[in-house]
Amino acid sequence: MKAGSGIPLWIIALLAALCLAVLAWTTFGFVVPFKHETGQAVLDTYFAGYDESAVFHMQALLDDNETAARLLSAMYFGPELVFPALLTALLLLSFLRLGPVGAWFGRSLHPLVGRAVYLLPLLYGIADYGENISSLIAFGDGGNAGLAAHLLPWMTRLKFASLAICFVLLARLAIVRRLSPRQD
C-alpha cells in the first residue's frame, strides 16, 4: 500500500471545513469582540511576532479590563482547545495523502528527512498548545507569569514558522504533482 492511499479526500475536506468553522468561531466570537473592547489585537494574531514588552502591555491591559480578560480566557478554553488539534490532523493527513517525501523532491532522501517533514505538523500543534498555555499563565494570577511572558513570543514564532513551512511544502508538492506527467 502506498503512503496516503487509504486516506479519503473527503476526510481531508471535512477537516478543512472544521478548521474554517472553528477559525470563524475564534475570529468572530473572540478576536473581533476583543479588538472592539480593547482597541488591541489578540497576541495570537501577530504573524510577524512580538516581544516581551507587548506581553507586559497586554498583561496591564487585561488587569484593567475584566471583560477582555474573560473573552481571552474563554477563547483559550473554547475554540483554541480544538483548533490546534484539527489543523495538526489536517496538515499531517495532507502530507500522508500526498505520498512519500522522496517523491516530492524527485529523488531519494535520507529517511530522517522524511520523518522530520512528517513531524512538522506535530511541531506546529505542540507550539500552538504551548502558546495557549503560556498565554493562560502569563495573563493569569499565577507565580510563573514572568516565565510564561518570556516564553510566549517564542512559542508564537515557532507556531507560525512551522505552519509556514508546512504550507510551503504542501504548495510545492501540489505544484510538482500538477506539473508531473501522470503515470497510469
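These notebook entries record what I looked up in a predicted model.

**Ground rules.** I number residues from 1 along each chain as its sequence is written, and I leave out hydrogens and water, with side-chain values using heavy atoms. Because this is a predicted model, local features need pLDDT of at least 70 and side-chain atom pairs count only at pLDDT 80 or more, whereas totals for chains, interfaces and linings use all residues.

**Entry 1: T26.** I found T26 in helix α1 (residues 9-38), where helices are DSSP runs of H or I with at least four residues, and strands are runs of E with at least two, numbered from the N terminus. T26 has a relative accessible area of 6% and is therefore buried (buried is under 20%, exposed over 50%, partly exposed in between, with a 1.4 Å probe and protein chains only). Leaving aside residues up to four places away in sequence, T26 touches V31, M75, P79 and E80, a contact being heavy atoms within 4.5 Å.

**Entry 2: V82 and its helix.** V82 lies in helix α4 (residues 79-97), and I list V82 as partly exposed because its relative accessibility is 37%. V82 touches V22 and Y129, again not counting residues up to four places away in sequence; V22 is 60 residues from V82 in sequence, yet their C-alpha atoms are 7.9 Å apart in space.

I then looked at α4 against helix α6 (residues 111-138): their axes come within 9 Å and cross at roughly 175 degrees (axes are lines fitted to C-alpha atoms, for helices over the stretch in contact, and angles run from 0 to 180 degrees between N-to-C directions). The pair is therefore roughly antiparallel (under 35 degrees is roughly parallel, over 145 roughly antiparallel, 65 to 115 roughly perpendicular, the rest oblique). Among the residues making this contact are V82, F83 and L91 of α4 and Y118, D128 and Y129 of α6.

**Entry 3: α2 against α7.** Helix α2 (residues 52-64) and helix α7 (residues 145-179) pack at about 130 degrees with axes 8 Å apart, and so I note them as oblique to each other. On the α2 side I see E52, V55, F56 and Q59, which meet A145, A149, H150, L152 and P153 in α7.

**Entry 4: the record.** The unreviewed UniProt entry lists residues 81-105, 117-138 and 158-175 as "transmembrane region", and such annotations may be inferred rather than shown by experiment. In the model, residues 117-138 are 100% helix and 0% strand, with end C-alpha atoms 31 Å apart; residues 158-175 are likewise 100% helix and 0% strand, with end C-alpha atoms 26 Å apart.
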